[in-house]
Amino acid sequence: MLRINPGRFILLLWFMLSGCSGLQPTLSPEMQAKAVELTRKIETSNNQIKTCRGKGQLSLSSINRVEKFQFAFVCDLPGKIRMTILSSGLPVETIAANGEKVTFVSHTGEHKPYIVNSKNPSLEKMDLLPVRLRQIIALLAGRMPLLDFDTASVFEDKDNGTTTLVLKKKWKSRIQKIFMNARQEIIKFDMFESWRTLLYSVSFSDFENFNSHVIPTASMITDASGRQMNIRITEYHPNIKIKPSVFNLTEL
């Protein structure tokens, strides 16, 4: 005989009703306070990090293709980055964002240098995943990219001690679900266009301590079609001095 956990059934029912009719859950004052507390904790996590430099490994995969690279990066939050992608130690592509525009330079002749006049372009326009550049910068810096939200709700699974924080932007139908384990460490977050339309998921499988900052060093970004971007950080230095000229490419 099939047994259904009543708590999970109620949560599933609320998700379905919210997607169909716009109904909102009625949270107890205790749960409302916890939603605010968790949100503030995530917003302030690693917010002392203003700049960083590091190296790592990057893989891009789809149904019939896997590409593996190394990369080196410097970031000046929230919107500046210079990243060079390498293959077998040789530079393949350099991406530089100065907070106003993003410049792409191919070192292999794959394309001519070009500029995207946007502070925060979507990488989907570059045949990558539907993630925005500043979300990648935040992840590399050890911060959690949060949705610009109006409401926050929290749900607890007493059986396994996990917690789900749900952030929602009312008029844009954008939703972010953040999943935490029993130690309230973030293990995954999902970004939705609506309750039923998944944009992408980000899962974390490893963390390391760098100068008293706990940084996710293994992240996997997956979109609705199954494409994946795996990021492994192998070297990380927070709060370093960076010259502003680093983020302006001149070889155009």
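1. The model is predicted, with local features needing pLDDT of at least 70 and side-chain atom pairs counting only at pLDDT 80 or more, while totals for chains, interfaces and linings use all residues. Residues are numbered from 1 along each chain as its sequence is written, and side-chain values use heavy atoms, without hydrogens and water.

2. Strand S2 (residues 65-76) pairs with strand S3 (residues 80-87) in the antiparallel sense over 7 bridges. Strands are DSSP runs of E of at least two residues, helices runs of H or I of at least four, both numbered from the N terminus; two strands pair if DSSP finds at least two bridges between them. Phe73 stands opposite Met83 in S3, and a hairpin through 3 residues joins S2 to S3.

3. S3 also runs antiparallel to strand S4 (residues 90-98), joined by 8 bridges. Lys80 has Asn98 in S4 as its bridge partner. The hairpin between S3 and S4 has 2 residues between the strands, and Ser88 in the turn has a positive phi of about 55°.

4. Gly109 lies in the loop between strand S5 (102-106) and strand S6 (114-116). Its C-alpha is 9.0 Å from that of Val92, 17 residues apart in sequence.

5. The lining of the second largest pocket divides into 11 nonpolar, 3 polar and 9 charged residues. Here nonpolar means Ala, Val, Leu, Ile, Met, Phe, Trp, Tyr, Cys and Pro, charged means Asp, Glu, Lys and Arg, and polar the others, Gly among them.
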